[in-house]
Amino acid sequence: MGVMSVAIESDVCVIGGGLAGMTSALAAAETGASVRLLSHKKSTLRQASGLIDVLGYTPAGEIVAEPFEAMGSLPNHHLYQRVGSQAIHDGLALFDRVVGESYAGGHTSANALVPTYVGRIKPTARYPAMTAAGLASDRSPVLFVGFERLSAFDAPYVSASLSSDGMPAPTRGVTISAPGSHRPDTRLHRLVHALDANESVSTSTGEQPIRIALARRIESHLESAQRVGLPALLGLENAPNVRRDLEQFLGVDVFEVPMGPPSIPGQRLEHQFLDALDRAGVHRATGNPVVAFDADGDRIRRVFTDRNGSSVPYEATQFVLATGGLVGKGLDSDRTALTESVFDCHVPHPEDRTEWYGDNPHTDQPFARFGVSVDADLKPHDDSGSPEYDNLRAAGAILGGTDVTMELSASGNSLTSGVRAGRLAGERSN
Amino acid sequence: MSDTEDTPSFDPVTVFESTEQDLRSGSDDCYKCSTCDSVCPVASVDSSFPGPKFQGPEQWRLTRKEDTEIDDSIMGCSNCMRCDGACPSSVPLSQMHNTARGAYVENQRFVRSALAALRSGELRRGASIVRDGVSDLRERIRNRLLANYYTAGRFASKLPRVANAFTNFGPTRWLLERVLGITSERSFPSFATQTFREWWTERGGAQLENPDKRVAYFHGCYANYNTPAVGKAMVRVFESFGYEVLVPQQRCSGTPMFANGRLDDAKRHAETNVESLAEAIADGADVIASCTSCSMALRQEYPELFDLDGIDSVGENTYEALEYLRLNEDLEAALAETAGDAEEFAYHAPCHARNQGLDRQAVELFSDVDGVTIEDVGDSCSGISGTYGWKAEKYDYSMAIGDTMFAEMEAAAGEQGMTECPTCAMQMSHGTGYSITHPLELLADILIEEQSASSNG
Amino acid sequence: MDTKTEVLVIGGGSTGCGIARDLAMRGVAVTLVERGTLTDGTTGRMHGLLHSGGRYAVSDRESAAECISENRILREIASHCVEPTGGLFVSKPGDSEEYFERKLAGCSACDIPTELLSAEQARAIEPYLAHDIERAIRVPDAAIDPFRLCVANAAAAREHGARIETHAEVTDLLLDGDRVVGVEITHSNDNGMTGSTERIKATHVVNATGAWAGQIGAMAGVDIAVRPSKGAMTVMNCRQVDTVINRCRPKGDADIIVPHETACILGTTDVEVDDPDAFPETQWEVETMIETLSELVPILDEARTLRSFWGVRPLYEPPETKTSDPTDITRQFFLLDHADRDGLAGMTSIVGGKLTTYRLMAERISDHVCDRIGVDGVCRTADVALPGSENPMHLQEAMESFELRSPIARRSVQRLGSRSSSVLSTSDPNPVICSCEAVTRAELEDAITEVGTDLNAVRIRTRASMGNCQGCFCAHRMAALLHPDHTVETVRTSLEALYEERWRGQRHALWGEQLSQAMLTRYLHATTMNRAQSQTESSPTVAFERFDGGDERGD
């Protein structure tokens, strides 16, 4: 017993449910292919800021205002050079279709400057509409508002730090206590949910909807500010309404400063992509890891997910590997070696572990470039330079060769490689 | 351990006495991303709940062997296990919660420690232990009652009509809330006049024998005492595919016991289940459950929490009913030839189905059936989490969690609901007034009517 | 600037702080200077074992006897720094039985209580011990936090009038003929004195710089032949054992596991180095420790390590001894009276020794110094509890009064001891800033009040940033606490210093989970915060007008 006879079939099977995997699945579905998306856990979108960076810095460390003009500064092996700028545009276009009005930045080819939650200024290509009023290049006065219990976002410091970085707008920062009764360790999502549901809270002037109670607490600090910046926690499904209610009460623009894990903008983005996958008819199976596969010469025939010892086969003609890098666990490592976790694709890395890292925590770190190496068709290569499998492509953080953290290009790499790998897989499967 | 013979100059360190399980190494996997907190339904409505990251890897990592006290916030966890499915780093979160909860409940047994304190002359400490213990007593009795639905069901099924009248009788409910803290907002599920097992015996057991296709049905408590229609549908569907169905001896899967920290009770029941299911597996059967919490318990919690002969084999050979058919039969082809009855369903995937990777299967399967419209109402938790929503102090949280699902159900085209989980079904029905169908019931309707129709024609 | 003191102590490690406390309690005016922060040298880079003396019971009974006696004293006077874990000497197949017997006999001769355990009994205490261990000896080893111990000694010295000056490097000794009459220091702290020098006149100078003693000696032309020896230690993410585990065999690398706070520390190696400030940190040392100690506790092989660090033992032997193997050099301490030894009056150096006997060493040095400066004073350091250990606080009380979750209250109270109430009783919301180590804002603010903007000094007092994330999620929160008392520039510099220090040790643990953690940290700090590029940016002024000015059509 337990021998499975019937595999679950599709034209394209994408492994990995992060930004690159979901983009691949959508791009493949657009070609008319039937698509299966396998993912193990929640994606790393919930860890990222929700900003879509394409290229923020050149290899020489210069800030980039026009990413497409700066592509020339990138080395030849860079993904962007390999696949060309049309693929980058395609990736952004797919993204824009998925997010619609909820993101801004698509009106220009230039990067925008967005404040970060530790008070630095960051170049990015697409930003949530929830963040749009916060651009650092805007000159209108800003009030940053933080919360006593939320130590990650220190509004007075954010304000001072942005000023010191030359942000042209006058800024102030104030820390208030969030409406409602909370303990010091109440989770961030409690406040997010309360704002989403516009729960009633008790205040000194009686019961009030929490959005109004919050606006009232901000109001007394407003002075001449024309914009109010809050940490990114203004609701999930109803975020636009939360912002609208605050803006209407305060009579000024309200924006969110994106924060790192748990990232509410990332969670919203994940939902938008999942909805798009449903609309595109992509079939999803989530919760079990891909642990094995069957290959027939240079073609992968099927992969198997595992649930505590029982396994489920998924058959497809084309596969996309989008399992992520060291954080998403597409890469495994131990004291001696680094491996790709599903197909054991070749991952170039120094044998000597002391060469995996450098001494300065910020600058050049070889481990940040670990990943599979691919050709222009995004097929992972073995150590002799030929494709590992004829029907396997890779996308997203599993790709090696570039330190996307230093050049601020992680999302751009995922969208670009995702759309290309997905489209090629879809076309080849027909 | 005989380490007290000599040198009493320093005391032996106690080994995690109450649980015998040291899960600190599970914190090795945690890189602190808080994704677990971001999916926790309780943390988003209950300001006093510090979330799964604290309850799991952080609390365990901060623990030393001599620490016996578990923070009482562990009892805020509803055991929905969504954190397990979320963690990108595979921290054994629910195992940590279950073990800590078990230790917490064990610590609530105050009589022994009070006596020990009194014997050693610590009168004040003894008195305070008794005081705290008594104040917890009501909660403990209530939780024990809720956890042992199996026993309640067994008694109620003897006289189902009386039980139904009594349990939903106003004064009874008032008393249950006042005395035990069981919310009076909900109606108790009604007990069937004939249990599934009674029906099974009456029909003479399996209708066909097939040593090559044999399944052992783990019906659990609910399909036995309350919704035998689900169990009957399972039998009809599997027999229609030529399976020999076994209905082995069984007790509660343990799910409500885990959620209430009653690991000893759960283990007692697990011993019976594992023994009889392992025997069925040895006879060539795979184990099929229709309740996703039961299959979750057999697959994941059993091997994580207990060390019993055959327990791994039970975990590896257990499947949810639809999952099994899909893997072993060409279910899609069978369904392609059928047609439903112009029915529209708002489908909710139970958290425990989600954790087994089954959250989309019903939607995928039925969406291609002519005449059936099935709409996924999203990935929120229903909020009831088994016994959680029955506790008076949790009722409001339970409903606040459920609000998202209720709204999605109302927005969906269908005026009836569908889910695999009996308590999610209660919550769906409680929040919307819809009647709730199990996917097996729909499958039986479609397939078997179709088959009988085609054999007639 | 010129100042005066009676005794000037150079070196803010356990020895220096112990001497400062001892002398101050005898009524002597003391100034202690430390070039970095307290414990920066050897003290902060050890495995945190409070010896029972068992380790020396075969080779050096005098040391063993001193250890057990000091062990008993420290449990009393430094209870908030000591965790009475107990220790096991474990023997594996092939380990000498004769040595095992000599260990037992040696302990007994030194009044070290022992208990002979079968393998089953040992595993009942520590379930992760290897299945093939043969037997074990139980001894009263303990874990000690060297940071807290040192800080408490410095605090006690200050209470008795001492001046403790950190970030003050001795740049010269002041000589008057063949007499040392003080020191010149250069300040590098952030209280406005950075870069300034100060001449401190002193009746007597104590050189308590351990492995660096030779460098101080050289300033006065005396030769102190310290033979610094490095030892590697690897920090595990969590505790695999709650008892100190020693391999019962003669000296060797990688033979001890010490449970320390939330972690276990594996030790160690022993390799002589030329320069205590610059020596190679090699990978083989880390591998050896994990592989060798996995023989005792097999799950170590797969367990996550957070970092490795190296300490330098201040070994010394009289020049004529010429021991070739550093592991054979005695662990005894030496008091070098430079008047007798080199004809240089006014200075005493102390070299060798170990943390467990720091108090005894301080007592002997203080006796000697008092004798030299003509002070009659009696040592009281063994009888008076250190600040923080005066009134051990009951945990239950702590939890109820501070509204903290039980494990957070437990760890906070263990760190703060009798200072818990004054530090944690706050009417402001007191969120946990470092969730790995359960450090609340109130505790961090207290540490900042004490030490200023040096976040590494804050770290050693509180343990903030020492857990699994190694500062990923808390370093910036800690830094922000410095604002608005300090400028944005200071906040950034302090954050960088902490971040770099965390990186230094973490580099040696970059595989498996810690490599994932490092990558997540990099994404967060470089990408979401945009700290990396901002930190190193070539053109500090951004041409804002070249960027997206917002979509005028509205959103």
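Student: Which residues of strand S18 of chain A point one way, and which the other way?
Tutor: Gln318(A) and Val320(A) point one way, Phe319(A) and Leu321(A) the other, and all are buried. Buried means 20 or more other C-beta atoms, placed from the backbone, within 10 Å of the residue's own. Strands are DSSP runs (E, at least two residues), numbered from the N terminus. Keep in mind that this is a predicted model: local features need pLDDT of at least 70 and side-chain atom pairs 80 or more, while totals for chains, interfaces and linings use all residues. Residues are numbered from 1 along each chain as its sequence is written, and chains are lettered from A and ligands numbered from 1 in the order written.

Student: What does S18(A) pair with in the parallel sense over four bridges?
Tutor: That's strand S2 of chain A, residues 12-15. To pair, two strands need at least two DSSP bridges between them. Ile15(A) stands opposite Leu321(A).

Student: And how many bridges join S18(A) to S21(A)?
Tutor: Three, and those strands run parallel too. There, Phe319(A) stands opposite Leu392(A).

Student: New topic: how many residues of chain B are in contact with chain C?
Tutor: 30, and they meet 36 residues of chain C. Contact means C-beta atoms, placed from the backbone, within 7 Å.

Technical notes
Contact = placed C-beta atoms within 7 Å. Buried ≥ 20, exposed ≤ 12 C-beta atoms within 10 Å, placed from the backbone.
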